[in-house]
Amino acid sequence: MWRRESGTVVRRAVATGHTGSPFAILAGSQVPSVPTEWVPHAHDLHELVWVRGGTLTSRVEDRVLTVSEGHGLWMPAGVVHGGRTTAGVEFHSAFFAPDRTPVAFGSPTAITMTPVLESLLTHLAHTDLDAGARARAEAVVFDVLRPSERQFALRLPGDPRIDPIAETLLDDPADPRSLDGWARTLGISDRTIARAFRRTTGLSFAQWRQMLRAHHALTLLSEGLDVRDVSDSLGYAQPSTFIAAFRRVMGTTPGAFFDETGEAVGTVGAVGASRAGGTPDGVRNPASGVQNS
């Protein structure tokens, strides 16, 4: 996935504790105080995860999936996946018993985390609900669970000739090398690289790098960095170029995207203010409360 933050704690997945439970949904939350990564694992239950105050990145086979506030990630039962969050995010998860869940997503899917859905799952995290109250809440969850209009999957090439390019850019999205530069580095022709990217990812090299940078931008912006700093860290000559590239990938500007998800992005040169409505206790990374251009 992306470059591992200093101080990252690597964990194994814990058991869900759902065995023998009469409930369809079990939910909970935590606020890791340090950057946290989960080694590849699978569950016998469907899993829905979402965050506040940061982003969640997951690796599933040849895909990297990134979701930010306002979106969740549905992981079907049995799918092997790893995950990573930054320090201080508010991390939520809910597990769904497959035999009692009437909705189905056959592959990892971004989910729209509406206020209603979040509130219901938070409600279901209470351990003192009676059976009737829990059944009613679970029924409404199934009614409002919907895939997001934006699916945040970046497909990795999986071609040994160009995998070094993907690995380098995942570690350093600002690497400026062009097709010609990579051809000289790898000792193959630029046409070979171009054809390999198109065949394995469905995108040109330039489009793929642009998408990778947009994914990484979600994490940086969610952590409260302003547009100028994100632009610089991703290798763009100026913020307007970054904003235009982000719009080509995401269909909207960074400011508009985070407005839609309930966060806001700092202006160029602005100091990040706390998110409107306050910051949950223990959340290190509220997004800036001011608009960008």
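Biologist: What is the bridge partner of Val49 in S7?

Modeller: Strands here are DSSP runs of type E with at least two residues, helices are runs of type H or I with at least four residues, and both are numbered from the N terminus. Two strands pair if DSSP finds at least two bridges between them. In this predicted model, the partner of Val49 in S7 is Leu73. Trp50 stands opposite Gly72, also in S7.

Biologist: Before going on, what should I know about the model and its numbering?

Modeller: The model is predicted: local features need pLDDT of at least 70 and side-chain atom pairs pLDDT 80 or more, while totals for chains, interfaces and linings use all residues. Residues are numbered from 1 along each chain as its sequence is written, and side-chain values use heavy atoms, with hydrogens and water left out.

Biologist: How many bridges join S4 to S7, and how many join S4 to S9?

Modeller: Strand S4 (residues 46-52) and strand S7 (residues 71-75) run antiparallel and are joined by four bridges. Between S4 and S9 there are seven bridges, and this pair is antiparallel too. On that side, His46 stands opposite Phe96 in S9.

Biologist: In what order do the strands of the sheet stand, and why is one side of S2 and of S10 left without a neighbour?

Modeller: Five strands make an open, antiparallel sheet in the order S2-S9-S4-S7-S10. Strand S2 (25-30) and strand S10 (109-112) are at the edges with a single partner strand each, so one side of each has no neighbour in the sheet. Angles are taken between N-to-C directions, from 0 to 180 degrees, with axes as lines fitted to C-alpha atoms, for helices over the stretch in contact. Neighbouring strands of this sheet are turned by 25 degrees against each other on average, direction ignored.

Biologist: Which helix packs on the sheet?

Modeller: Contact means heavy atoms within 4.5 Å. Helix H2 (residues 131-144) packs there, touching S2 and strand S9 (90-96), and its direction makes about 85 degrees with that of S2.

Biologist: Is S4 mostly covered or uncovered?

Modeller: Buried means under 20% relative accessible area, exposed over 50%, and partly exposed in between, with a 1.4 Å probe and protein chains only. S4 is mostly covered, with six of its seven residues buried. In helix H4 (residues 179-186), Gly181, Trp182 and Ala183 are buried. The buried residues of H4 pack against helix H3 (163-171), helix H5 (190-201) and helix H6 (205-222). After H4 comes Gly187, whose phi is positive, near 75 degrees.

Biologist: How many salt bridges does the structure hold, and which residue meets Arg199 in one?

Modeller: A salt bridge is a side-chain nitrogen of Lys or Arg within 4 Å of a carboxyl oxygen of Asp or Glu. The structure holds eight. Arg199 meets Asp159 in one of them, at 2.8 Å from N to O. This pair links distant parts of the chain: Arg199 is in helix H5, and Asp159 is in the loop between strand S11 (153-155) and H3, 40 residues apart. Their C-alpha atoms are 9.7 Å apart.

Biologist: Are Arg199 and Asp159 buried or exposed?

Modeller: Arg199 counts as exposed because its relative accessibility is 58%, whereas Asp159, at 4%, counts as buried. Asp159 also forms a salt bridge with Arg161, with the closest N and O atoms 2.8 Å apart. Arg161 is partly exposed, at 41%.
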